[in-house]
Amino acid sequence: LMPMGEGLGNKLPMKLSLPALLFIAGVLGVGVTLAEPALGVVKTAGSLIGQNQAPYLYCLLHEGQEFLVLAVAIGVGISASVGMLRIRKGWGLKKPALSLLAITIGLSCAVQYGTKRGDVLGLAWDLGAVTTGPVTVPLVIALGVGLAGGGHGGQASLTGFGVVTLASLVPVSTVLLLTLLLPEQLPWSEKFANQTAADLDDAASGGGWMDQTPYMETIAGFRALLPLVSFMYILLRFVLHETQDVRVAIDVGGHKLHVPAVQPLIAAQIGIIVFNIGLTQGLARLGALVGATTPAAFTAVDGIPGSPLWNRELGVAITVCFAWVLGFGATLAEPALATLAITVDNLSKGALSRRQVVLSVALGVGTGTALGVLKIVLQWPLLPMLIAGYLIAAILTIPSNEVLVNVAWDSAGVTTGPVTVPLVISLGLGLGKALGASDGFGILSLASVCPIVSVLAVGLICQKKAPSEIEGAEMGTLISTPKGASSKAARGGDEDIRDDWDA
């Protein structure tokens with residue numbers, strides 16, 4: 001996907017007008033969102049949401065599920081178009097990010113305090129983190145790299161970052177707008193009024209063969225990848241008039257093999273299907289199980305003898321510490337973070353080292369995860385916590401230089417990958433169900449804002465110590481490592497970082 005995306009980004013600006021280019025970027029944004037495997041976790045989360053506790057949330061995750069996915073996809077499509085326009089025009093990230101943040105928080109306040117639909121708020125903000133996953137981020141960054149090179153004389157500029165930031169915020173707004181369009185009297189309320197929870201579970205599990213594993217995951221895998229790849233192939237063959245088969249370079253044992261793109265794409269197709277099966281049968285169930293049993297630390301849970309294991313204060317403290325370690329460790333397991341840390345280290349000439357980047361991001365995600373669990377346990381409202389976090393991020397953004405702003409705001413998207421998302425969402429939903437909370441969403445959104453604050457804080461300290469190195473950095477090294485050294489450097493830096501943490 002990435003070589004095809006970079007090829008499109010390099011050549012499309014020379015073939016198409018700006019409006020046509022933005023339209024194609026939007027269509028690709030919609031396509032990559034539908035291909036995100038982690039989105040399946042949210043789609044299957046409806047079984048853990050109570051109809052009476054969160055009626056509008058229940059509606060979106062059941063009757064309105066397709067509309068919900070479409071709203072998220074449209075949001076990412078808009079983000080891709082606006083992001084590519086920003087790259088083409090050479091605009092900075094500060095004003096667009098802060099303006100979009102103000103709009104999103106304004107919509108959130110309208111939904112929370114002006115309607116009865118506030119139960120959707122946690123889902124909307126969490127979906128912003130889900131969209132920046134292992135399919136969206138590589139393809140969007142590849143398009144940005146190619147477009148920045150094609151639009152600026154072959155040199156990737158500082159504006160190449162930032163699309164991930166937009167893709168984290170715009171879908172929140174589109175989901176909130178969809179929520180405002182929901183009718184006051186939900187159409188399914190009478191239909192399910194006389195049904196018990198057991199009846200609903202039987203109805204959900206009584207589908208045909210298409211709703212059973214592994215057929216459901218296989219169909220979802222083909223629906224996710226085939227339309228996206230077909231559209232990209234049409235662009236390459238009929239718009240860019242590529243007469244030869246698209247070939248990509250694969251590094252095998254230090255040697256580069258140039259093979260037809262169809263071979264790694266088949267591997268990607270098989271990989272998404274297997275990942276979907278692992279997601280529904282493995283990570284999601286594991287997270288839900290952990291979430292359902294964790295409250296035994298501080299409250300009585302059916303089926304767990306001797307619960308609560310400790311008094312409430314000690315049990316809650318242990319649970320929050322466990323959540324912090326979970327968020328911290330899951331972040332270190334995300335491969336994209338090591339690559340980001342290496343490029344920032346090279347960019348700032350050591351003023352912002354690999355260890356500082358990894359430590360600041362992991363601390364932020366761990367803190368956000370702990371706050372999210374505390375929010376569910378103590379029934380705190382989500383919106384004031386988000387407003388406080390983003391207000392701190394905005395204050396720190398203003399004095400920061402453009403390089404630091406791009407790194408910090410995109411770091412939130414880098415950390416929410418295929419390991420973190422299923423585990424954290426399922427943990428929150430299981431915890432919320434066990435405690436009788438209206439929903440368990442909101443952990444991911446807090447785990448996304450805290451790394452922005454931590455990276456900006458560390459960056460400002462380093463900026464004061466060595467301002468010339470950070471301010472004089474060029475964005476090209478942030479997006480792509482030097483030719484011939486990218487994969488090796490990424491692996492070497494990853495091992496160095498893990499050695500540091502082991503020590």
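Three cavities of 30 Å³ or more are held within this structure, which is a predicted model. The second largest cavity, with a volume of about 80 Å³, is lined by L8, G9, L12, L21, I24, A25, L28, M84, L143 and L147.

| Helix | Residues | Supply to the lining of the second largest cavity |
|---|---|---|
| α1 | 2-15 | at least two residues |
| α2 | 18-34 | four residues, the largest share |
| α8 | 136-151 | at least two residues |

By class, the lining of the second largest cavity comprises nine nonpolar residues and one polar residue, with no charged residues.

A second topic is the packing of two helices. In general, two packed helices are described by the angle between their axes and the distance between the axes. Helix α15, which spans residues 354-378, and helix α18, which spans residues 420-435, have axes that come within 9 Å and cross at roughly 15 degrees. Because angles under 35 degrees count as roughly parallel, α15 is roughly parallel to α18. The crossing in which α15 passes α18 is right-handed. On the α15 side the contact is made by V373, I376 and V377, while α18 contributes L427, G428, L431, G432 and L435. Sorted by class, the residues of the contact of α15 with α18 divide into six nonpolar and two polar, and no charged residue takes part.

Note on methods
Residues are numbered from 1 along each chain as its sequence is written. This is a predicted model: local features need pLDDT of at least 70, side-chain atom pairs count only at pLDDT 80 or more; totals for chains, interfaces and linings use all residues. Side-chain values use heavy atoms; hydrogens and water are left out. Axes are lines fitted to C-alpha atoms, for helices over the stretch in contact, and angles run from 0 to 180 degrees between N-to-C directions. Angles under 35 degrees count as roughly parallel, over 145 as roughly antiparallel, 65 to 115 as roughly perpendicular and the rest as oblique. A crossing is left-handed if the near helix is turned anticlockwise from the far one by less than a right angle, and right-handed if clockwise. Contact means heavy atoms within 4.5 Å. Ala, Val, Leu, Ile, Met, Phe, Trp, Tyr, Cys and Pro count as nonpolar, Asp, Glu, Lys and Arg as charged, and the others, Gly among them, as polar. On a 1 Å grid over the protein atoms alone, a cavity is a set of points where a 1.4 Å probe fits but cannot get out, and a pocket is an open set with protein on both sides within 12 Å along at least five of seven lines; lining residues have an atom within 4 Å of a point. Grid points are joined across faces, edges and corners, and a volume is the space filled by probe spheres set on the points.
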